[in-house]
Amino acid sequence: MLKRLMFLFAGLIAVSACGAHDHSAAAPAAGKTEWKEGQHYIVLAKPTPPAAGKFEVTEVFSYACSHCAHFQPYADQLKAKLPKGVTFSYMPVVFNPSWEPMARSFYAAQSLGVLDKTHQAVFDALHRDHKPLRTIEDFAGFYAGFGIDPKNFISTAQSFVVEGNLTQGRERALAYQIESTPTLIVNGKYRLDSASAGGQPQAVELALWLVDKELAAGKK
């Protein structure tokens, strides 16, 4: 119960942070790679690396967050530039009850195998077209446009698997000490965002630098 209260309190802070990122933070000059721990990125006090043999970069996001919508093209760039053997994943975070249907819709789309086709489309629907997607029924109607039966979508969104994903997401968000979205987590060890990196393109550069740093450390 204490953890849940702490998470909800953190969520209230993070909701405002999503709308108030400071992109004026200082970043290294072009071509410079002197990224500094504590200034541009954080080493988590209790790293939670992926399963043995895996290397993962995770974007913690919400479809509700306009900054996440703006960052999506850069997330695509980052994913395309990752070295072989390093995977990219998304983790929706639920800072308040209104964000839960969005997280459920993400996991349902993932389970139904349509996430690649719908991820950008959801951002566009919410932040470009201003469609009223608030309930899981709203999302079921939206995903029907991608060939998903609404009843099947709702049952999937309310399934045991999705419930487990939501629980795991809450636990990981606590472990990662997520305070705003979008946030990048590199191999469960490093945390950064566009504010700390100095901008969205710089966040991509920093994440790639941390990937190289971690891969090099693993070879020693």
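The model holds an open sheet of 5 strands in the order S1-S5-S4-S2-S3, with mixed pairing. Strand S1 (42–43) and strand S3 (86–92) are the edges; each has a single partner strand, so one side of each lacks a neighbour in the sheet. This is a predicted model: local features need pLDDT of at least 70, side-chain atom pairs count only at pLDDT 80 or more, and totals for chains, interfaces and linings use all residues. Residues are numbered from 1 along each chain as its sequence is written, and side-chain values use heavy atoms, with hydrogens and water left out.

**Sheet**

- Helices (H or I, at least four residues) and strands (E, at least two) are DSSP runs, numbered from the N terminus.
- Two strands pair if DSSP finds at least two bridges between them.
- Strands of a sheet pair through backbone hydrogen bonds, either parallel or antiparallel.
- S2 and S3 run parallel and are joined by 7 bridges. Phe55 has Val86 as its bridge partner in S3.
- Strand S2 (residues 55–61) also pairs with strand S4 (residues 183–186), in the antiparallel sense, over 4 bridges. Here Val57 has Val186 of S4 as its bridge partner.
- S3 is mostly covered, with 6 of its 7 residues buried. Buried means under 20% relative accessible area, exposed over 50%, and partly exposed in between (1.4 Å probe, protein chains only).

**Helix across the sheet**

- Helix H7 (residues 160–176) lies across S2, S3, S4 and strand S5 (190–192).
- H7 runs at about 105° to S3. Axes are lines fitted to C-alpha atoms, for helices over the stretch in contact (heavy atoms within 4.5 Å). Angles run from 0 to 180 degrees between N-to-C directions.

**Asp193**

- Asp193 sits in the loop between S5 and helix H8 (194–197).
- Asp193 is buried yet has no salt bridge. The nearest side chain of opposite charge is Arg191, 6.3 Å away. Lys and Arg count as positive, Asp and Glu as negative; His and the chain ends are not counted.
- A polar atom of the Asp193 side chain lies 3.0 Å from the backbone nitrogen of Ala195.

**Salt bridges**

- A search of the whole structure finds 6 salt bridges. Each is a side-chain nitrogen of Lys or Arg within 4 Å of a carboxyl oxygen of Asp or Glu.
- Arg104 and Glu100 form one of them (3.0 Å, N to O). They are 4 residues apart in helix H3 (residues 100–111), so about one helical turn separates them. Arg104 counts as buried, at 11% relative accessibility. Glu100 is partly exposed, with a relative accessible area of 28%.
- Arg128 and Asp124 form another (3.8 Å, N to O). Both lie in helix H4 (residues 115–128), 4 residues apart, about one turn of the helix. Arg128 counts as exposed, at 56% relative accessibility. Asp124 is partly exposed, with a relative accessible area of 22%.
- Lys189 and Glu214 also meet in a salt bridge (3.5 Å, N to O). This pair links distant parts of the chain, 25 residues apart: Lys189 is in the loop between S4 and S5, and Glu214 is in helix H9 (residues 200–219). Lys189 counts as partly exposed, at 25% relative accessibility. Glu214 counts as buried, at 14%.
- Salt bridges that share partners join Glu100, Arg104 and Glu163 into one network.

Conventions:
A polar contact is a pair of N or O atoms within 3.5 Å; within protein, one must be able to donate a hydrogen and the other to accept it, and residues adjacent in sequence count only if both atoms are side-chain atoms.
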